[in-house]
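Take a slow look at the model below.

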Amino acid sequence: QHSAQYTHGHHASVLRSHSWRTASNSCAYLLPHLKPDMHILDVGCGPGSITVDLARFVPQGRVVGLEPTPQPLEQARALAADKGVKNVEWVVGDAQKLDFRDNTFDVVHAHAVIQHLGDPVQAFHEMRRVTKPGGLIADRETDAATMTWYPEVNGMREWHNLFYRVSRANGGEPDAGRRLHVWAKEAGIDPKGMTKSVSGWCYSTPEERAWWSDLWAERTLKSDFPKTAKEKGLATDEDLERAAEAWRAWGREEDGWFALFHGELLC
């Protein structure tokens, strides 16, 4: 089994960005296929915003949020309690070695998780194993090459290159979006039963720009990202400060625009 390290860690800036995610902005491709009594596993649920949202679509069913470390699950429990959502539960576990019996879930969902794993094919093997016959596997992953922005602020290209190097140094694949169907096929999933799609996020209003730029400036300096960058000799403190300032400068641009696409796979 290949090991990998989560590029961003669980700093507040990371959980803040994950908390913005909902079922509608992060797994819209799956929602038409949900039925009220389904049992769903949400792999790599983070602070639980997608998980709790999915629970609303299966009021007679149940959603299990799985995360490799307990820290984000504290926020997930608080969110579920705040929203009065009762049909969720939270477990600590490994996506590459799921602690569930075969054929347990109607739907196994993951969002921006497989891209951080050392063995994506093994993860698909496991997701397939715990999915009931006739059930669904749904995964949406970033394709970092599609990150695009305006205007061309000094330092943003350097940050983008560093993002690639750090992600790969951690054993992940930043261009996972385009590879999902291949990894799934290698895990023995029939390509004829796959639906491939793409959707994106766009940040262009003053509020979105301020939020997205502050978040990435903070991630660049305070999450696990700078630790790896320095430990692996990929960047100095000065390089990281320059990258963070590039994000702040982009955030101040009144015509600033940033978009990011994700590959989606429904099996």
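Start with a definition: rings of Phe, Tyr and Trp (its six-membered ring) pair if their centres lie within 6.5 Å, and planes under 30 degrees apart count as stacked, over 60 as edge-to-face and the rest as tilted. This is a predicted model, in which local features need pLDDT of at least 70, side-chain atom pairs count only at pLDDT 80 or more, and totals for chains, interfaces and linings use all residues. Residues are numbered from 1 along each chain as its sequence is written, and side-chain values use heavy atoms, leaving out hydrogens and water.

Now the rings. The structure holds 16 aromatic pairs. In one of them, Trp-159 and Phe-163 are tilted, at 5.5 Å centre to centre with 35 degrees between the planes. These two residues are four apart in helix H6, so about one helical turn separates them. Helices (H or I, at least four residues) and strands (E, at least two) are DSSP runs, numbered from the N terminus. Trp-159 has 0% relative accessibility and counts as buried. Phe-163, at 6%, is buried too. The word has cut-offs: buried means under 20% relative accessible area, exposed over 50%, and partly exposed in between (1.4 Å probe, protein chains only).

Phe-163 also pairs with Phe-225. This pair is stacked, 6.5 Å centre to centre and 20 degrees between the planes. It links distant parts of the chain, since Phe-163 sits in helix H6 and Phe-225 in helix H9 (residues 224-231), 62 residues apart. Both partners are buried.

Next, empty space. Rolling a probe the size of a water molecule over the atoms shows where empty space is left. On a 1 Å grid over the protein atoms alone, a pocket is an open set of points where a 1.4 Å probe fits, with protein on both sides within 12 Å along at least five of seven lines; lining residues have an atom within 4 Å of a point. The second largest pocket has a volume of about 220 Å³. Here, grid points are joined across faces, edges and corners, and a volume is the space filled by probe spheres set on the points. Of its 13 lining residues, the closest to the centre are Gly-155, Glu-158, Asp-239, Arg-242 and Ala-243. Helix H6 (156-169) and helix H10 (237-251) each supply at least two lining residues. H10 gives the largest share, five residues. The lining divides into six nonpolar, two polar and five charged residues. Ala, Val, Leu, Ile, Met, Phe, Trp, Tyr, Cys and Pro count as nonpolar, Asp, Glu, Lys and Arg as charged, and the others, Gly among them, as polar.

How many disulfides are there? A disulfide is a covalent bond between the sulfur atoms of two cysteines. The rule used here asks for a pair of cysteine sulfur atoms within 2.5 Å. The count comes to zero. For Cys-202, the closest cysteine sulfur, in Cys-27, is 20 Å away, too far for a bond. Cys-267 is in no disulfide either, with the sulfur of Cys-27 nearest at 15 Å. Cys-202 is partly exposed at 35%, whereas Cys-267 is buried at 14%.

Finally, the annotation. An unreviewed UniProt entry places "domain: Methyltransferase" at residues 35-147. UniProt positions are given in the numbering used here, feature names are shortened, and annotations may be inferred rather than shown by experiment. Over residues 35-147 the chain is 29% helix and 31% strand.
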